[in-house]
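I opened this entry to keep a record of what I looked up. The notes follow the order in which I went through the model.

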Amino acid sequence: MKTVELLKSALNGNFLSADEGKHLFFNAPTPELMWTGNEMRKQRKKDNTVTWIIDRNVNTTNVCIANCKFCNFYRIPGHEESYITTIEQYKQKIEETFRLGGDQLLLQGGHHPELGLAFIPIFSKNLSIYILNLSSIHWALLRLLILLNWRD
Ligand code: SF4
């Protein structure tokens with residue numbers, strides 16, 4: 001499989017298979033991927049329109065038990081600097097996001113052993129009016145898995 005051929009194929013409007021995508025992921029130089037992606041955008045957007053999404057990462061908590069070696073953000077449970085973002089703080093952060101033109105939220109943060117499944121309905125119920133106006137909310141995948149695995 002040749003990287004150049006795959007990029008040319010993509011430029012010709014052909015879909016790539018999963019294996020071809022994987023090949024590009026591991027082998028294609030980033031500048032060539034960027035150039036190809038930009039050319040594909042220009043093919044589809046004749047007026048040269050470029051769009052992007054303004055979103056905000058909000059940390060649900062800095063309490064975490066994952067202990068990633070590179071991380072200086074987390075605090076162990078019970079640490080004096082630990083926090084859980086309150087509903088009022090979420091409101092403030094979402095309002096700031098709207099004010100600056102954003103409409104997407106990423107819920108990021110530590111893996112708090114006591115922040116269980118109950119967090120999801122509390123979050124949704126109290127922030128529903130804001131959620132309706134967001135284009136999307138993303139949960140950091142690992143964070144969501146932790147929530148789903150913990151029982152209240
Ligand atoms: S999971 Fe996130 S918050 Fe927790 S230690 Fe790792 S990087 Fe830090």
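I began with cysteine 64, which sits in the loop between strand 1 and helix 4. The model is a predicted one. Is cysteine 64 buried or exposed? I found 21 C-beta neighbours inside 10 Å, so cysteine 64 counts as buried; the cut-off for that class is 20 or more.

I then listed its contacts. Setting aside residues up to four places away in sequence, cysteine 64 touches Tyr74, Gly110, His111 and His112. I also checked a distance along the chain: threonine 51 is 13 residues from cysteine 64, and the C-alpha atoms of the two are separated by 35 Å.

Next I asked which residues surround the ligand. The shell consists of Cys64, Ala66, Asn67, Cys68, Cys71, Phe73, Tyr74, Gly110 and His111. I sorted these residues by class and got six nonpolar, three polar and no charged.

Asparagine 67, a member of that shell, lies in the loop between strand 1 and helix 4. I count asparagine 67 as exposed, because 9 other C-beta atoms lie within 10 Å and the class takes 12 or fewer. Its phi is near 55°, a positive value in a residue other than glycine. For reference, most residues other than glycine have a negative phi.

I went through the pairings in turn. Strand 1 and strand 2 pair in the parallel sense over five bridges. Within this pairing, valine 58 has leucine 107 of strand 2 as its bridge partner, and asparagine 59 stands opposite glutamine 108 in strand 2.

Strand 2 (residues 104-108) is joined to strand 3 by four bridges, and these two strands also run parallel. Here glutamine 104 has serine 136 of strand 3 as its bridge partner, and leucine 107 has tryptophan 139 of strand 3.

I looked at helix 4 (residues 87-99) next. Strand 1, helix 4 and strand 2 together make a right-handed β-α-β unit.

Which residues of strand 2 are on the covered face? I noted Leu105 and Leu107 there, with Gln104, Leu106 and Gln108 on the uncovered face.

**Leucine 127**

I placed leucine 127 in the loop between helix 5 (119-126) and helix 6 (128-131). Leucine 127 is partly exposed, because 17 other C-beta atoms lie within 10 Å. Leaving aside neighbours within four places in sequence, I found leucine 127 in contact with Ile87, Tyr90, Lys91 and Ile94.

Arginine 41 belongs to helix 3 (residues 30-44). It is partly exposed, with 13 other C-beta atoms within 10 Å. Leucine 11 is 30 residues from arginine 41 along the chain, and their C-alpha atoms are separated by 9.9 Å.

Asparagine 48 is in the loop between helix 3 and strand 1. Is asparagine 48 buried or exposed? With 7 C-beta neighbours inside 10 Å, asparagine 48 counts as exposed. Its phi is near 65°, again a positive value in a residue other than glycine.

Methods
Residues numbered from 1 in each chain as written. Predicted model: local features only at pLDDT ≥ 70, side-chain atom pairs only at ≥ 80, totals over all residues. Near = placed C-beta within 6 Å. Nonpolar A, V, L, I, M, F, W, Y, C, P; charged D, E, K, R; others polar. Pairing = 2+ DSSP bridges. Contact = placed C-beta atoms within 7 Å. Right-handed = clockwise from strand over helix to strand, strands pointing away.
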